[in-house]
Amino acid sequence: MSTVDWKRSGDYEDIIYETADGIAKITINRPERRNAFRPTTLFELQHAFNAARDDGEVGVVVLTGAGTEAFCSGGDQKIRGDDGYVGPDGIGRLNVLDLQIQIRRLPKPVVAMVAGYAVGGGHVLHVCCDLTIAADNAVFGQTGPKVGSFDGGYGAWLLAETVGLKKAREIWYLCRFYNAQEALDMGLVNTVVPLERLEEETVQWCREMLDKSPLALRMLKGAINAVSDGAAGMQQFAGDATLLYYMSEEAQEGRDAFKEKRRPDFSRFPRRP
Ligand code: S0N
């Protein structure tokens, strides 16, 4: 049951983009393939995530799948060529990696709202999200070693960071599926709710975050990701530090002095201990 009045926008084939009350909801809309992604899906997801990033009204982004059977079943195996997933241009791509990075860099919380299967590359997508709200019918797992693929990036080490090294190895090496309660027990999701309350609960979590300081959330996301993202994570965090500095009178004095063709006077700014 929807608790908000979603407003749909954008002209997409594989996804749905909606906004309401400060939340952007992005839905993978290929239920006939358990919301498996193809290159077009990923280009559209990237476009929608950019729209959510740029929209000053949006404070939180929800990623989900259409229907109740699947969040996302990973790469579309039916259009998998010999060098990646092949779209209308005939070129093989692995462009889910760009989307994973985009979710990590997006300076607003991203919440995975999971009903049904989150498996393969679809499982990695929820791992990349900041939070995961799972319905009681959710199923989690990696399938790569069964179907001839693997994700040695976020799919491996971010999963290990989330559930621990032993459990991450088990998930990848054995390709078992785990139910929602098992996922909760291993720290893979934040909460489990009855399927019919999934969106209501997710919106409630979003509203609680929307009440909080956007800059504080932005800095926390950057800080939590910085260590595991290495230099790229530090670059993001450093960019946020620059943003904060730009917003200070101290930095603005430097800019104003240049424009007014005078020496900058930083004497009134403290040298803090
Ligand atoms: C999800 C499963 C468990 C659902 O089982 P269920 O409910 O019994 O339904 P099915 O009858 O199996 O499915 C219903 C219809 O949907 C089709 N379908 C399901 N999943 C896919 C899929 N991934 N691709 C294409 N079609 C799919 C079914 O075929 C069926 O349609 P019909 O009846 O018409 O045939 C079960 O479906 C399942 O196990 N699915 C496959 C899960 C899987 O192995 N996914 C792929 C894993 N690999 C990746 O995701 C690649 C990783 C990746 O993306 C990546 C990683 C690192 C670097 C780059 C990449 C990259 O590739 O970009």
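Author: Let's begin with a pair of residues: Ile 15 has Ile 28, in strand S3, as its bridge partner. Before we go on, please note that this is a predicted model, where local features need pLDDT of at least 70, side-chain atom pairs count only at pLDDT 80 or more, and totals for chains, interfaces and linings use all residues. Residues are numbered from 1 along each chain as its sequence is written, and side-chain values use heavy atoms, with hydrogens and water left out.

The names S and H stand for strands (DSSP runs of E, at least two residues) and helices (runs of H or I, at least four residues), numbered from the N terminus. S2 (residues 15-20) and S3 run antiparallel, joined by six bridges; two strands count as paired if DSSP finds at least two bridges between them. Two residues separate S2 from S3 in a hairpin, and Asp 21 in the turn has a positive phi of about 50°.

How well covered is S3 (residues 23-28)? Six of its six residues are buried, where buried means under 20% relative accessible area, exposed over 50%, and partly exposed in between (1.4 Å probe, protein chains only). In a regular strand, the side chains alternate between the two faces of the sheet. In S3, Ile 23, Lys 25 and Thr 27 point one way, while Ala 24, Ile 26 and Ile 28 point the other way.

S4 (60-65) also brings us to helix H2, whose buried residues pack against S4 and several other elements, including helix H1 (39-54), helix H3 (121-128) and helix H9 (214-246); contact here means heavy atoms within 4.5 Å. H2 is largely enclosed by the rest of the structure because seven of its ten residues are buried, among them Val 96, Leu 99 and Ile 103. In H9, by contrast, we find Leu 220, which counts as partly exposed because its relative accessibility is 49%.

Now for the ligand. Of the 25 residues around it, Ser 73, Gly 75, Tyr 85, Gly 121 and Thr 143 come nearest; a residue belongs to this shell if one of its heavy atoms lies within 4 Å. The side chain of Thr 143 has an N or O atom 2.7 Å from a ligand oxygen, and a polar backbone atom of Gln 77 is 2.9 Å from a ligand nitrogen. These are polar contacts, meaning pairs of N or O atoms within 3.5 Å. H2 (96-105) and strand S9 (117-119) are the elements that give two or more residues to the shell.

S9 belongs to an open sheet of four strands with mixed pairing, in the order S5-S9-S11-S12. Strands S5 (70-72) and S12 (178-179) stand at the edges with a single partner strand each, so one side of each is left without a neighbour in the sheet. S9 pairs with S11 (residues 139-141) in the parallel sense over three bridges, and Tyr 117 stands opposite Val 139 in S11.

Notes:
Polar contact = N/O pair within 3.5 Å; in protein donor to acceptor, adjacent residues only side chain to side chain.
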